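I open my notebook to record what I looked up in this structure, entry by entry. The sequence and the model come before my notes.

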Amino acid sequence: MKLKQPSNSASQTLTSSETRLLVRETFRISANLASAPPSAPAVADQERISLRDSSFGGLVEDQFLNSSLKLICCEEIDGRRWQYFADNEISVRSGGSKQLKKNSIRAVSLQSPQAPIDELLAFVRSYVVPEGFPDSVTPSYVPYMKWRALKHFFGGAMGVFTTQTLLSSLGVSRNNVMPGAVAINWILKDGAGRVGKMLFARQGKKFDYDLKQLRFAGDLLMELGAGVELATAAVPHLFLPLACAANVAKNVGAVTSTSTRTPIYKAFARGENIGDVTSKGECVGNIADLLGTGLSIMISKRNPSLFTTFALLSCGYVMSSYQEVKSVVLHTLNRARFKVAVESFLNTGRVPSLQEGNSMENIFSPPWQKHKPIVVLGPRFKDAFQDPNSYLALEPIFEKEQYLVTYNPSKGDICALFKDQAKSDDILKAAFHAHVLLHIISSSNQNQRSSIKQEPDLSAALPTLGDLQSHIAESYKMVSALYGPFKNKAKEQGWVMSDSLLNPGRARLCGLV
């Protein structure tokens with residue numbers, strides 16, 4: 001049976017109205033495709049490209065690829081970059097819209113891991129050269145330190161033979177072996193102390209801005225070392241390990257005393273007389289040391305109780321050390337004095353004087369003391385945020401600023417993160433903003449408590465995301481109005497403000513790449 005074939009004119013020819021309709025429909029479909037959001041596979045492919053470009057030698061672990069990830073932030077530390085991703089999840093309550101899953105932040109390094117030799121060199125460099133080397137020192141620093149190291153090398157070698165000779169001359173033993181063994185034990189004790197001194201030298205710039213705290217902590221270590229030395233009389237068979245431990249503590253204290261001596265004398269000097277002030281101060285210390293030695297010799301002849309005498313002298317030493325560092329009046333605002341100045345300004349409207357600010361500075365916090373909320377400047381992104389939605393909610397608030405302030409619920413601390421274009425004044429403003437936010441949250445928690453007087457504890461009443469946004473918006477308005485007057489009043493009182501004195505971290509938020 002034959003079917004009737006349609007004519008060619010009917011099958012291939014379109015009327016003008018049909019042609020216009022077809023063209024219009026084609027344009028409509030093209031526009032819809034162009035405006036439609038990319039499909040999930042396209043997003044996944046884009047994320048695969050982003051992750052493949054991170055110098056991992058290919059795709060990273062499957063856990064980053066089997067889930068729908070969103071790039072939320074990029075971070076840079078000393079030229080090394082990380083990207084932070086978070087998992088998407090569909091929220092039924094919000095009509096199927098996507099939210100970022102809590103505690104899903106993952107860091108992806110954008111460079112290959114360092115070779116072991118490079119990591120070792122970086123570790124050694126952190127101990128033997130100042131921060132910012134070579135830009136932080138003059139060109140003569142390197143040759144000076146080379147010759148200084150060579151001098152100490154020969155001095156240490158000579159010390160072995162001189163110690164052995166002195167012990168032999170004192171009649172330690174007539175046996176030819178004993179003086180050498182005793183000398184080696186003694187040298188090992190001194191060597192352990194030098195290792196401790198070297199390790200503590202990594203504190204770096206803290207000797208410049210936290211010198212009061214480090215000076216008092218060093219004096220406490222000196223007393224601890226003296227106590228351990230005293231314990232060797234009770235257990236002489238443990239002489240070497242106890243003597244080594246005591247020497248480590250005492251040498252760490254000696255490093256602290258030496259490193260903080262010049263900045264303290266510099267605070268006393270008026271003009272170019274630092275050398276004169278230093279020499280006279282050391283002379284006073286030597287005279288007092290000789291007088292104390294003479295008194296102890298007189299007391300020891302009466303055979304007093306060793307424990308009682310040591311306890312009384314230790315109490316006098318610690319009390320004198322505390323009053324010594326409290327009496328120093330520094331013009332610079334480090335973290336502790338900056339906190340005192342901001343809290344006084346927020347509570348009373350005035351910045352304390354140099355004398356008041358230094359006397360109110362906290363010198364020592366016992367390790368058993370309950371954790372108090374602190375301000376962390378320049379932390380890593382992963383240490384400041386656990387919930388990616390919190391970052392995305394706060395980011396628009398600080399769009400015009402070169403920093404971002406948030407609250408860490410796990411530790412109860414306030415974190416100030418810096419963008420890569422942050423300058424010195426931006427860091428100071430961020431520190432001021434962080435203390436303002438801490439003041440607001442502490443006041444809010446106090447209002448929620450009963451009338452019992454106690455220290456504010458942020459961990460007892462964790463603010464929600466909505467509360468945090470409200471507190472930050474309030475703090476933003478306060479900072480806009482109060483930061484300028486605070487700086488002016490601080491300068492009127494003679495305070496010197498610098499971002500380096502606040503010891504900010506080196507992490508910086510950078511643009512997404």
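**Ground rules.** I am working with a predicted model, in which local features need pLDDT of at least 70 and side-chain atom pairs count only at pLDDT 80 or more, while totals for chains, interfaces and linings use all residues. I number residues from 1 along each chain as its sequence is written, and side-chain values use heavy atoms, with hydrogens and water left out.

**The chain.** I looked up the secondary structure and found 17 helices and 8 strands; these are DSSP runs, with helices (H or I) of at least four residues and strands (E) of at least two, numbered from the N terminus. Of the 513 residues, 31% count as buried, where buried means under 20% relative accessible area, exposed means over 50%, and partly exposed lies in between, with a 1.4 Å probe and protein chains only. I also looked up contacts (heavy atoms within 4.5 Å): among those between residues at least 6 apart in sequence, 68% join residues at least 24 apart.

**The second largest pocket.** I noted a volume of about 1,500 Å³ for the second largest pocket. A pocket here is an open set of points on a 1 Å grid over the protein atoms alone, where a 1.4 Å probe fits, with protein on both sides within 12 Å along at least five of seven lines, and lining residues have an atom within 4 Å of a point. The volume is the space filled by probe spheres set on the points, which are joined across faces, edges and corners. Which residues lie nearest the centre of this pocket? I found Gly285, Ala288, Asp289, Gly292 and Tyr317 there, out of 38 lining residues. Helices H8 (211–231), H9 (239–268), H10 (274–300) and H11 (306–326) each supply at least two residues of the lining, and H10 gives the most, with 13.

**Helix H9.** I compared its length with what is expected: at 1.5 Å a residue (times one less than the number of residues), the 30 residues of H9 should span 44 Å, and the end C-alpha atoms are 42 Å apart, which agrees. I then found a kink of about 35° at Arg261 in H9, shortly before Pro263; the bend is the angle between axes fitted to the seven residues ending there and the seven starting there.

**Two positive phi values.** I kept in mind that most residues other than glycine have a negative phi. Asn303, in the loop between H10 and H11, has a positive phi of about 50°, and Asn303 is exposed at 68% relative accessible area. Asn503, in the loop between H17 (465–492) and strand E8 (508–510), has a phi near 55°, and is partly exposed at 26%.

Is Thr406 buried or exposed? Thr406 sits in strand E6 (403–408) and counts as buried, because its relative accessibility is 0%. I listed its contacts beyond four places in sequence, among them Phe385, Leu417 and Ile472. His435, in helix H16 (424–448), is buried too, at 10%, and touches Phe338, Lys339, Val342, Leu346 and Val375. Phe307, in H11, is exposed, with a relative accessible area of 65%; its C-alpha lies 9.6 Å from that of Gly227, 80 residues away in sequence.
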